[in-house]
Amino acid sequence: MPNNSDLSSYLLEKIQQSTVEASLMEVCGTHTMAIAKSGLRSLVPPNIKLLSGPGCPVCVTAQGDIDAVIDLAARPGICLVTFGDMMRVPGTERSLQEIRGEGADIRVVYSPMDALKMAAGEPDKEIVFLGIGFETTAPAVAACVEMAAERRLTNFSVFSLHKVVPPALEALFSDPTVKVDGLICPGHVSAVIGLEPYMKLARDFHMPCVVAGFETMDVLQTIVMLLNQLEKGVAQAQIQYGRVVRPDGNPVALDLMSRVFAPSGARWRGLGEIPGSGLRLADNLSNYDARLKFEVPDYEDKEIKGCACGEILTGRLSPQECKLFGKGCTPLKPIGPCMVSHEGACAAYYRYTV
Ligand code: SF4
(Lines give C-alpha, C1' and ligand atoms only; values in the text may rest on other atoms or scores of the structure.)
Protein backbone atom coordinates (compact mmCIF):
# COMPACT_ATOMS: atom_id res chain seq x y z
CA MET A 1 0.00 0.00 0.00
CA PRO A 2 1.69 3.31 -1.02
CA ASN A 3 1.81 6.06 1.60
CA ASN A 4 0.95 9.71 0.91
CA SER A 5 4.53 10.66 0.25
CA ASP A 6 4.95 7.84 -2.31
CA LEU A 7 1.72 8.91 -3.96
CA SER A 8 2.76 12.58 -4.06
CA SER A 9 6.12 11.62 -5.61
CA TYR A 10 4.32 9.48 -8.18
CA LEU A 11 1.90 12.29 -9.08
CA LEU A 12 4.66 14.87 -9.27
CA GLU A 13 6.67 12.60 -11.55
CA LYS A 14 3.67 12.25 -13.86
CA ILE A 15 3.31 16.04 -13.99
CA GLN A 16 7.02 16.52 -14.63
CA GLN A 17 6.89 14.02 -17.51
CA SER A 18 3.97 15.78 -19.21
CA THR A 19 4.77 17.64 -22.40
CA VAL A 20 1.40 19.43 -22.54
CA GLU A 21 1.62 23.24 -22.63
CA ALA A 22 -0.97 24.28 -20.06
CA SER A 23 -1.96 27.32 -18.06
CA LEU A 24 -4.04 26.05 -15.13
CA MET A 25 -5.97 28.54 -13.03
CA GLU A 26 -7.17 28.22 -9.46
CA VAL A 27 -10.02 30.44 -8.31
CA CYS A 28 -9.96 29.99 -4.57
CA GLY A 29 -7.95 31.88 -1.97
CA THR A 30 -7.31 28.67 -0.04
CA HIS A 31 -5.83 27.07 -3.17
CA THR A 32 -3.73 30.21 -3.71
CA MET A 33 -2.28 29.74 -0.24
CA ALA A 34 -1.93 25.96 -0.53
CA ILE A 35 -0.04 26.18 -3.84
CA ALA A 36 2.25 28.96 -2.62
CA LYS A 37 2.96 27.19 0.68
CA SER A 38 3.81 23.86 -0.95
CA GLY A 39 6.21 25.47 -3.43
CA LEU A 40 4.44 23.64 -6.27
CA ARG A 41 5.15 26.38 -8.79
CA SER A 42 8.86 25.70 -8.56
CA LEU A 43 8.32 21.93 -8.94
CA VAL A 44 6.14 21.81 -12.04
CA PRO A 45 7.94 21.95 -15.41
CA PRO A 46 8.08 25.24 -17.37
CA ASN A 47 5.39 24.03 -19.82
CA ILE A 48 2.85 24.10 -16.98
CA LYS A 49 1.85 27.44 -15.50
CA LEU A 50 -0.17 27.74 -12.30
CA LEU A 51 -2.19 30.96 -12.34
CA SER A 52 -4.31 32.61 -9.66
CA GLY A 53 -7.71 33.90 -10.73
CA PRO A 54 -10.57 35.85 -9.13
CA GLY A 55 -10.81 33.60 -6.07
CA CYS A 56 -10.28 35.97 -3.17
CA PRO A 57 -13.57 37.71 -2.28
CA VAL A 58 -11.88 40.69 -0.63
CA CYS A 59 -9.54 41.16 -3.61
CA VAL A 60 -12.31 41.12 -6.24
CA THR A 61 -14.42 43.69 -4.39
CA ALA A 62 -14.61 46.79 -6.58
CA GLN A 63 -12.96 49.98 -5.36
CA GLY A 64 -16.25 51.90 -5.57
CA ASP A 65 -17.97 49.32 -3.34
CA ILE A 66 -15.24 49.70 -0.73
CA ASP A 67 -15.74 53.49 -0.83
CA ALA A 68 -19.51 53.00 -0.41
CA VAL A 69 -18.96 50.81 2.69
CA ILE A 70 -16.57 53.40 4.16
CA ASP A 71 -19.16 56.13 3.53
CA LEU A 72 -21.78 54.17 5.49
CA ALA A 73 -19.45 53.10 8.29
CA ALA A 74 -18.44 56.70 8.97
CA ARG A 75 -22.04 57.79 9.62
CA PRO A 76 -23.15 58.47 13.22
CA GLY A 77 -25.36 55.77 14.76
CA ILE A 78 -24.05 53.06 12.44
CA CYS A 79 -22.13 50.07 13.72
CA LEU A 80 -20.46 48.20 10.86
CA VAL A 81 -19.68 44.57 11.62
CA THR A 82 -17.17 42.86 9.36
CA PHE A 83 -14.67 40.05 8.92
CA GLY A 84 -11.14 41.19 9.78
CA ASP A 85 -9.78 40.96 6.23
CA MET A 86 -11.71 44.05 5.17
CA MET A 87 -10.26 46.39 7.78
CA ARG A 88 -7.03 47.28 5.99
CA VAL A 89 -8.31 47.20 2.41
CA PRO A 90 -7.56 50.67 1.06
CA GLY A 91 -10.48 52.74 -0.17
CA THR A 92 -9.77 55.65 -2.48
CA GLU A 93 -8.91 57.87 0.47
CA ARG A 94 -9.11 55.83 3.65
CA SER A 95 -9.59 52.30 4.97
CA LEU A 96 -12.09 51.01 7.53
CA GLN A 97 -9.21 50.75 9.99
CA GLU A 98 -8.40 54.43 9.54
CA ILE A 99 -11.96 55.63 10.05
CA ARG A 100 -12.26 53.40 13.11
CA GLY A 101 -9.25 55.30 14.46
CA GLU A 102 -11.26 58.48 13.89
CA GLY A 103 -14.16 57.17 16.00
CA ALA A 104 -16.35 55.10 13.65
CA ASP A 105 -17.98 52.10 15.35
CA ILE A 106 -16.56 49.15 13.38
CA ARG A 107 -16.37 45.71 14.93
CA VAL A 108 -14.58 42.61 13.70
CA VAL A 109 -16.28 39.22 14.06
CA TYR A 110 -15.74 35.64 12.91
CA SER A 111 -19.41 34.87 12.27
CA PRO A 112 -22.40 36.89 11.02
CA MET A 113 -24.33 35.45 13.99
CA ASP A 114 -22.27 37.76 16.22
CA ALA A 115 -23.79 40.73 14.39
CA LEU A 116 -27.26 39.38 15.01
CA LYS A 117 -26.52 39.07 18.74
CA MET A 118 -25.29 42.68 18.76
CA ALA A 119 -28.52 43.83 17.11
CA ALA A 120 -30.61 42.01 19.71
CA GLY A 121 -28.50 43.35 22.60
CA GLU A 122 -28.17 46.96 21.39
CA PRO A 123 -31.58 48.03 20.07
CA ASP A 124 -30.54 51.70 19.85
CA LYS A 125 -27.74 50.95 17.37
CA GLU A 126 -28.10 50.24 13.67
CA ILE A 127 -26.06 47.08 13.18
CA VAL A 128 -24.91 46.58 9.57
CA PHE A 129 -23.19 43.34 8.65
CA LEU A 130 -20.82 43.61 5.71
CA GLY A 131 -21.56 40.54 3.59
CA ILE A 132 -18.46 39.61 1.62
CA GLY A 133 -17.76 36.23 0.07
CA PHE A 134 -18.90 33.68 -2.46
CA GLU A 135 -21.36 30.80 -2.21
CA THR A 136 -19.38 29.53 0.78
CA THR A 137 -20.28 32.39 3.13
CA ALA A 138 -23.58 33.59 1.65
CA PRO A 139 -25.72 30.78 3.21
CA ALA A 140 -24.66 31.72 6.77
CA VAL A 141 -25.54 35.36 6.10
CA ALA A 142 -28.85 34.27 4.56
CA ALA A 143 -29.62 32.30 7.75
CA CYS A 144 -28.97 35.44 9.82
CA VAL A 145 -31.33 37.51 7.71
CA GLU A 146 -34.08 34.89 8.09
CA MET A 147 -33.52 34.82 11.86
CA ALA A 148 -33.61 38.62 12.02
CA ALA A 149 -36.94 38.58 10.13
CA GLU A 150 -38.38 35.89 12.42
CA ARG A 151 -37.35 37.90 15.49
CA ARG A 152 -38.60 41.12 13.88
CA LEU A 153 -35.26 42.84 14.48
CA THR A 154 -35.48 46.23 12.82
CA ASN A 155 -31.97 47.47 13.64
CA PHE A 156 -30.13 44.76 11.66
CA SER A 157 -29.24 44.94 7.99
CA VAL A 158 -26.73 43.54 5.53
CA PHE A 159 -24.55 45.45 3.10
CA SER A 160 -24.33 42.67 0.56
CA LEU A 161 -21.23 42.50 -1.56
CA HIS A 162 -21.72 38.75 -1.98
CA LYS A 163 -20.81 37.34 -5.34
CA VAL A 164 -21.31 34.05 -7.13
CA VAL A 165 -18.47 32.39 -8.98
CA PRO A 166 -19.85 30.85 -12.23
CA PRO A 167 -20.82 34.13 -14.01
CA ALA A 168 -17.35 35.54 -13.28
CA LEU A 169 -15.71 32.47 -14.79
CA GLU A 170 -17.91 32.77 -17.88
CA ALA A 171 -16.92 36.44 -18.21
CA LEU A 172 -13.26 35.56 -17.76
CA PHE A 173 -13.25 32.75 -20.32
CA SER A 174 -15.20 34.87 -22.82
CA ASP A 175 -12.27 37.29 -22.93
CA PRO A 176 -9.96 36.22 -25.78
CA THR A 177 -6.97 37.90 -24.10
CA VAL A 178 -7.20 35.55 -21.12
CA LYS A 179 -5.34 32.29 -21.66
CA VAL A 180 -6.48 29.47 -19.42
CA ASP A 181 -6.41 25.80 -20.46
CA GLY A 182 -7.84 24.16 -17.37
CA LEU A 183 -9.63 25.14 -14.20
CA ILE A 184 -8.73 24.02 -10.66
CA CYS A 185 -12.24 24.50 -9.26
CA PRO A 186 -12.78 25.79 -5.72
CA GLY A 187 -13.49 23.01 -3.22
CA HIS A 188 -15.54 25.02 -0.70
CA VAL A 189 -17.68 26.87 -3.25
CA SER A 190 -18.26 23.63 -5.15
CA ALA A 191 -19.48 21.90 -1.99
CA VAL A 192 -22.43 24.31 -2.26
CA ILE A 193 -22.94 24.70 -6.02
CA GLY A 194 -22.03 21.16 -7.11
CA LEU A 195 -20.75 20.17 -10.53
CA GLU A 196 -23.43 21.50 -12.88
CA PRO A 197 -21.92 25.01 -13.39
CA TYR A 198 -18.60 23.43 -14.41
CA MET A 199 -20.33 21.08 -16.84
CA LYS A 200 -21.61 24.23 -18.54
CA LEU A 201 -18.11 25.77 -18.59
CA ALA A 202 -16.65 22.55 -19.98
CA ARG A 203 -19.30 22.47 -22.69
CA ASP A 204 -19.40 26.18 -23.61
CA PHE A 205 -15.69 26.97 -23.39
CA HIS A 206 -14.16 23.54 -23.93
CA MET A 207 -12.64 24.05 -20.49
CA PRO A 208 -11.44 21.03 -18.49
CA CYS A 209 -12.61 21.52 -14.89
CA VAL A 210 -11.63 19.55 -11.78
CA VAL A 211 -12.96 20.33 -8.30
CA ALA A 212 -9.96 20.13 -5.99
CA GLY A 213 -9.26 19.62 -2.31
CA PHE A 214 -6.65 21.59 -0.43
CA GLU A 215 -3.89 19.20 0.56
CA THR A 216 -0.80 19.21 -1.65
CA MET A 217 -1.69 15.72 -2.81
CA ASP A 218 -5.20 16.90 -3.78
CA VAL A 219 -3.73 19.66 -5.93
CA LEU A 220 -1.20 17.30 -7.52
CA GLN A 221 -3.92 14.79 -8.34
CA THR A 222 -6.10 17.58 -9.76
CA ILE A 223 -3.27 18.74 -12.03
CA VAL A 224 -2.79 15.16 -13.26
CA MET A 225 -6.54 14.88 -13.97
CA LEU A 226 -6.49 18.17 -15.91
CA LEU A 227 -3.40 17.13 -17.88
CA ASN A 228 -5.07 13.81 -18.73
CA GLN A 229 -8.05 15.69 -20.18
CA LEU A 230 -5.78 18.03 -22.13
CA GLU A 231 -3.75 15.13 -23.51
CA LYS A 232 -6.94 13.46 -24.72
CA GLY A 233 -8.36 16.73 -26.08
CA VAL A 234 -11.53 16.46 -23.97
CA ALA A 235 -13.19 18.94 -21.62
CA GLN A 236 -15.11 17.45 -18.71
CA ALA A 237 -16.18 18.47 -15.22
CA GLN A 238 -14.72 16.09 -12.64
CA ILE A 239 -14.47 15.94 -8.86
CA GLN A 240 -11.17 15.15 -7.19
CA TYR A 241 -12.47 16.35 -3.78
CA GLY A 242 -15.07 13.60 -3.53
CA ARG A 243 -14.74 13.29 0.24
CA VAL A 244 -16.53 16.67 0.55
CA VAL A 245 -18.11 17.68 -2.77
CA ARG A 246 -21.22 15.99 -4.20
CA PRO A 247 -22.31 16.45 -7.82
CA ASP A 248 -25.56 18.12 -6.73
CA GLY A 249 -23.81 20.36 -4.18
CA ASN A 250 -25.70 21.32 -1.05
CA PRO A 251 -29.40 21.73 -1.96
CA VAL A 252 -30.28 22.99 1.54
CA ALA A 253 -27.75 25.84 1.32
CA LEU A 254 -28.80 26.66 -2.25
CA ASP A 255 -32.45 26.77 -1.21
CA LEU A 256 -31.65 29.06 1.74
CA MET A 257 -29.71 31.42 -0.51
CA SER A 258 -32.51 31.54 -3.07
CA ARG A 259 -35.07 32.46 -0.36
CA VAL A 260 -33.01 35.37 0.96
CA PHE A 261 -31.04 36.68 -2.01
CA ALA A 262 -31.86 37.57 -5.60
CA PRO A 263 -29.28 37.71 -8.40
CA SER A 264 -28.01 41.17 -9.30
CA GLY A 265 -25.26 42.74 -11.35
CA ALA A 266 -21.99 43.17 -9.48
CA ARG A 267 -18.70 44.92 -10.15
CA TRP A 268 -15.53 42.85 -9.88
CA ARG A 269 -12.04 44.28 -9.66
CA GLY A 270 -10.30 43.38 -12.90
CA LEU A 271 -13.47 42.09 -14.57
CA GLY A 272 -15.87 45.04 -14.38
CA GLU A 273 -19.65 44.73 -14.16
CA ILE A 274 -20.91 41.16 -14.60
CA PRO A 275 -24.67 40.60 -14.88
CA GLY A 276 -26.10 38.07 -12.43
CA SER A 277 -22.84 37.74 -10.48
CA GLY A 278 -23.97 39.48 -7.30
CA LEU A 279 -26.49 38.72 -4.56
CA ARG A 280 -28.82 41.44 -3.32
CA LEU A 281 -31.50 40.98 -0.67
CA ALA A 282 -34.73 39.58 -2.15
CA ASP A 283 -37.60 42.05 -2.60
CA ASN A 284 -39.58 40.71 0.37
CA LEU A 285 -36.51 41.28 2.62
CA SER A 286 -35.44 44.63 1.20
CA ASN A 287 -35.82 46.28 4.64
CA TYR A 288 -32.68 44.30 5.58
CA ASP A 289 -30.75 45.75 2.63
CA ALA A 290 -28.37 48.36 4.11
CA ARG A 291 -27.74 50.04 0.75
CA LEU A 292 -31.45 50.81 0.40
CA LYS A 293 -32.14 51.44 4.06
CA PHE A 294 -29.42 54.08 4.37
CA GLU A 295 -29.55 55.29 0.75
CA VAL A 296 -25.87 54.67 0.13
CA PRO A 297 -24.88 56.18 -3.24
CA ASP A 298 -22.94 54.29 -5.89
CA TYR A 299 -19.26 55.21 -6.04
CA GLU A 300 -17.16 55.13 -9.17
CA ASP A 301 -14.30 52.64 -9.36
CA LYS A 302 -11.02 54.56 -9.22
CA GLU A 303 -7.79 52.74 -9.98
CA ILE A 304 -5.08 52.51 -7.35
CA LYS A 305 -2.03 54.04 -9.03
CA GLY A 306 0.55 51.44 -9.96
CA CYS A 307 -1.41 48.49 -8.54
CA ALA A 308 -1.86 45.54 -10.89
CA CYS A 309 -4.46 43.63 -8.80
CA GLY A 310 -6.91 43.65 -11.75
CA GLU A 311 -4.36 41.95 -14.03
CA ILE A 312 -3.35 39.49 -11.31
CA LEU A 313 -6.97 38.51 -10.59
CA THR A 314 -7.47 37.64 -14.25
CA GLY A 315 -4.24 35.66 -14.59
CA ARG A 316 -2.66 38.20 -16.98
CA LEU A 317 0.20 38.93 -14.60
CA SER A 318 1.76 37.16 -11.66
CA PRO A 319 2.36 39.16 -8.45
CA GLN A 320 6.13 39.49 -9.04
CA GLU A 321 5.34 41.23 -12.33
CA CYS A 322 3.76 44.17 -10.47
CA LYS A 323 6.39 46.90 -10.20
CA LEU A 324 5.39 47.60 -6.60
CA PHE A 325 5.59 43.99 -5.37
CA GLY A 326 7.89 43.82 -2.36
CA LYS A 327 9.06 47.40 -2.92
CA GLY A 328 6.28 49.96 -2.40
CA CYS A 329 3.80 47.21 -1.48
CA THR A 330 4.31 44.66 1.30
CA PRO A 331 1.93 42.95 3.76
CA LEU A 332 2.92 45.54 6.39
CA LYS A 333 2.27 48.43 4.01
CA PRO A 334 -0.14 47.09 1.39
CA ILE A 335 -1.20 49.18 -1.58
CA GLY A 336 -3.79 46.88 -3.15
CA PRO A 337 -6.23 44.32 -1.73
CA CYS A 338 -4.28 41.33 -3.12
CA MET A 339 -1.54 42.18 -0.60
CA VAL A 340 -3.98 42.86 2.26
CA SER A 341 -6.09 39.74 2.32
CA HIS A 342 -4.33 36.68 3.71
CA GLU A 343 -5.86 34.80 0.75
CA GLY A 344 -4.67 37.36 -1.79
CA ALA A 345 -2.21 36.20 -4.46
CA CYS A 346 0.33 38.95 -3.71
CA ALA A 347 0.27 38.21 0.04
CA ALA A 348 0.65 34.47 -0.63
CA TYR A 349 3.59 34.99 -3.03
CA TYR A 350 5.22 37.44 -0.64
CA ARG A 351 4.86 35.16 2.34
CA TYR A 352 6.28 32.06 0.68
CA THR A 353 8.68 33.33 -1.97
CA VAL A 354 10.31 36.53 -0.71
FE1 SF4 B 1 -1.41 45.69 -6.04
FE2 SF4 B 1 0.59 45.40 -4.28
FE3 SF4 B 1 -0.21 43.30 -5.63
FE4 SF4 B 1 1.09 45.25 -6.86
S5 SF4 B 1 1.93 43.93 -5.28
S6 SF4 B 1 -0.74 44.19 -7.56
S7 SF4 B 1 0.36 47.05 -5.74
S8 SF4 B 1 -1.41 44.47 -4.15
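Me: Before we start, what do buried and exposed mean here?
Reply: Buried means under 20% relative accessible area, exposed means over 50%, and partly exposed is in between, using a 1.4 Å probe and protein chains only.

Me: And what kind of model is this?
Reply: It's a predicted model, where local features need pLDDT of at least 70, side-chain atom pairs count only at pLDDT 80 or more, and totals for chains, interfaces and linings use all residues. Residues are numbered from 1 along each chain as its sequence is written, and side-chain values use heavy atoms, with hydrogens and water left out.

Me: OK, Asp 105: buried or exposed?
Reply: Asp 105 counts as buried, because its relative accessibility is 18%.

Me: Where is Asp 105 found?
Reply: In strand 4, residues 105–108. Strands here are DSSP runs of E with at least two residues, helices are runs of H or I with at least four, and both are numbered from the N terminus.

Me: Which residues is Asp 105 in contact with, leaving aside its neighbours within four places in sequence?
Reply: Ile 78, Cys 79, Leu 80 and Lys 125, where contact means heavy atoms within 4.5 Å.

Me: Switching to salt bridges, how many are there?
Reply: The count comes to 21. A salt bridge is a side-chain nitrogen of Lys or Arg within 4 Å of a carboxyl oxygen of Asp or Glu.

Me: Which residue does Asp 218 form a salt bridge with?
Reply: Arg 243, with the closest N and O atoms 2.7 Å apart. Asp 218 lies in helix 12 (residues 216–232) and Arg 243 in the loop between strand 9 (237–239) and helix 13 (251–260), so the pair ties together parts that are 25 residues apart in sequence.

Me: And how accessible are those two?
Reply: Asp 218 counts as buried at 3% relative accessibility, whereas Arg 243 counts as exposed at 55%.

Me: Which residues are linked in a network of salt bridges?
Reply: Asp 65, Arg 267, Arg 291, Asp 298 and Asp 301.

Me: What about Arg 280, which residue is its salt bridge with?
Reply: Arg 280 pairs with Asp 283, the closest N and O atoms being 3.0 Å apart. Arg 280 is partly exposed at 32% relative accessibility, and Asp 283 is exposed at 61%.

Me: Last one, which residues of that kind meet at 3.9 Å, N to O?
Reply: The side chains of Arg 203 and Asp 204, in a salt bridge. Arg 203 counts as exposed at 59% relative accessibility, while Asp 204 is partly exposed at 42% relative accessible area.
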